[in-house]
Amino acid sequence: MQIILCAVMGYLIGNINPAYILSRLKGFDIRERGSGNAGASNVTLVMGKKAGIFTALFDISKAFVASVIAVSLFPALRYAKILSGVSCIMGHIFPFLMKFHGGKGLACLGGVVLAFNPVVFLLLLLAEVVIALVSDYISVVAPSGTVIFTLVYALLTKDITGTVMLALTSVVILCKHIENFRRIRNGTETHISFLWKKNN
């Protein structure tokens with residue numbers, strides 16, 4: 001029962017999508033503009049940098065909070081933090097409140113890593129910044145980040161159950177980015193340098 005409650009809690013928190021809420025307050029659906037993704041990069045593209053930064057910070061925070069609350073509510077559940085965290089990512093990607101069409105999980109992944117270990121978060125953030133700047137594509141960050149974090153988690157914890165959950169999450173995130181990889185190949189994917197030139 002604790003496993004179910006922990007997963008449901010994380011999933012429901014993941015359903016709170018700031019990209020969708022901000023766009024609705026502006027009178028439109030973020031999923032119908034730009035790349036069609038309900039996440040920070042598309043918010044930046046459509047609504048500007050301030051809105052994009054707010055969205056990213058909110059999504060990081062919700063996954064962090066979901067992970068931390070899980071540990072407090074279910075202290076006997078050894079992998080509560082990771083279970084709630086990956087459930088939050090799934091809630092963000094497949095929110096029932098948005099007919100299962102949400103974001104792609106990058107910022108939420110950051111929140112899960114931060115809750116796991118702030119040092120690992122900073123090191124992974126640095127590594128992903130380098131990867132993003134070298135490639136000039138934000139879409140490569142989530143797939144590479146989730147794979148790297150899964151490997152780091154496995155090495156540091158030896159937790160098979162948590163590693164499997166993260167590995168499955170990695171597969172989902174990779175699948176959600178297939179279209180991005182196709183656009184990169186075709187030369188139509190939006191570059192980070194373009195996103196940052198957006199006003200506001």
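**Entry 1: Thr 163**

I began with Thr 163, which touches Thr 150, Tyr 153 and Ala 154 if residues up to four places away in sequence are not counted; contact means heavy atoms within 4.5 Å. I am working with a predicted model, where local features need pLDDT of at least 70, side-chain atom pairs count only at pLDDT 80 or more, and totals for chains, interfaces and linings use all residues. Residues are numbered from 1 along each chain as its sequence is written, and side-chain values use heavy atoms, with hydrogens and water left out.

I found Thr 163 in helix 9 (residues 160–176). Helices (H or I, at least four residues) and strands (E, at least two) are DSSP runs, numbered from the N terminus. Is Thr 163 buried or exposed? Its relative accessible area is 18%, so it is buried (under 20%; exposed is over 50%, partly exposed in between, with a 1.4 Å probe and protein chains only).

**Entry 2: cysteines**

How many disulfides does the structure hold? I found zero, a disulfide being a pair of cysteine sulfur atoms within 2.5 Å. For Cys 6, the closest cysteine sulfur is in Cys 88, 11 Å away, which is too far for a bond. Cys 108 is in no disulfide either, and its nearest cysteine sulfur, that of Cys 88, lies 4.6 Å away. I also noted that Cys 6 is buried at 0% relative accessibility, and that Cys 108 is buried at 1% relative accessible area.

**Entry 3: two helices**

Which residues of helix 2 meet helix 4? I listed Pro 18, Ala 19 and Leu 22, which meet Ala 51, Phe 54, Thr 55, Phe 58, Asp 59 and Lys 62 in helix 4.
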